[in-house]
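Dear colleague,

My findings follow directly after it, arranged by topic.

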Amino acid sequence: MASPTAIPIPFPETPLATEIERKFLVTGDAWRQGPGTLLSQGYLNRDKQRTVRVRIAGELAFLTIKGANQGATRAEFEYPIPLADAAQLMALCDGPTVEKIRRVVLHEGFAWEVDEFLGQNAGLVVAEIELASEDQPFARPAWVGQEVTDDARYYNSRLATHPYGDWPPAPGP
């Protein structure tokens, strides 16, 4: 019996998906522009070298794989998935889910994603900006405070298991 012949399946060449993102604490209320979208997300894997996230954003759902951070840069692969699949995957997640309301605020040519956390993370508001390079200049809105890009406590995957509400109070002035 002859062995089967392999038929090559063409796959498009795609460049490595890279996310360059800086993260900041938010002050005041000037960022509250327009309606937000409720995001619920859970983690199938929260290893230091990679995270695998399931996210439900309104009527949309995504599966995202992120690599380890190298400064503000990391590999990121995000795929839309059926909402029903996302609901089933959420039940498989390791640890509690993170819920937040996301608003996109435009400022001087950049889209800032402002996340107002809910539940155990209530009181935390973080703004993220995606850039083309780590040293790309950008104007900070007045409501953008301290940068926390390199502080692992603010990673969403960490907030799932070490929520903001459980942190010790910040030292006073």
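How many bridges join strand E6 to E7, and in which sense do the two strands run? In this predicted model, E6 (residues 98-107) and E7 are joined by eight bridges and run antiparallel. The two strands form a hairpin with two residues between them. Glutamate 108, in the turn, has a positive phi of about 50°. Histidine 107 has phenylalanine 110 of E7 as its bridge partner.

On pairing with E8, E7 is again antiparallel, here over five bridges. Within this pairing, alanine 127 of E8 stands opposite valine 114. E7 is mostly covered, with six of its eight residues buried.

The nonpolar cores come next. The largest nonpolar core has 15 residues, of which Val26, Trp112, Val114, Ile129, Phe138 and Trp143 touch the most other members. At least two residues of this core come from each of strand E1 (18-26), strand E7 (110-117) and strand E8 (125-130). Apart from this core lies another, made up of 11 residues, including Leu25, Tyr43, Tyr154 and Trp167.

Which residues does valine 114 contact, once neighbours within four places in sequence are left aside? The contacts of valine 114 are Val26, Trp31, Ile101, Arg102, Arg103, Val105, Val125, Val126, Ala127 and Trp143. Among them, Val26 and Trp143 also belong to the largest nonpolar core.

I turn now to the largest pocket, which has a volume of about 760 Å³. It is lined by 41 residues, and those closest to its centre are Thr51, Lys66, Arg74, Asn156 and Ser157. Strand E2 (residues 37-47) gives the most to this lining, namely six residues.

Is lysine 66 buried or exposed? Lysine 66 has a relative accessibility of 10%, and it therefore counts as buried, the cut-off being under 20%. This residue lies in strand E4 (residues 60-67). Its side chain makes a polar contact of 3.2 Å with the side chain of glutamate 76. Beyond its neighbours within four places in sequence, lysine 66 is in contact with Glu19, Gln49, Arg50, Thr51, Arg53, Arg74, Ala75 and Glu76. Of these contacts, Thr51 and Arg74 are also among the residues closest to the centre of the largest pocket.

With kind regards

Key:
Residues are numbered from 1 along each chain as its sequence is written. This is a predicted model: local features need pLDDT of at least 70, side-chain atom pairs count only at pLDDT 80 or more; totals for chains, interfaces and linings use all residues. Side-chain values use heavy atoms; hydrogens and water are left out. A nonpolar core is a set of buried Ala, Val, Leu, Ile, Met, Phe, Trp, Tyr and Cys residues joined through side-chain atoms within 4.5 Å. Buried means under 20% relative accessible area, exposed over 50%, partly exposed in between (1.4 Å probe, protein chains only). Helices (H or I, at least four residues) and strands (E, at least two) are DSSP runs, numbered from the N terminus. Contact means heavy atoms within 4.5 Å. Two strands pair if DSSP finds at least two bridges between them. A polar contact is a pair of N or O atoms within 3.5 Å; within protein, one must be able to donate a hydrogen and the other to accept it, and residues adjacent in sequence count only if both atoms are side-chain atoms. On a 1 Å grid over the protein atoms alone, a cavity is a set of points where a 1.4 Å probe fits but cannot get out, and a pocket is an open set with protein on both sides within 12 Å along at least five of seven lines; lining residues have an atom within 4 Å of a point. Grid points are joined across faces, edges and corners, and a volume is the space filled by probe spheres set on the points.
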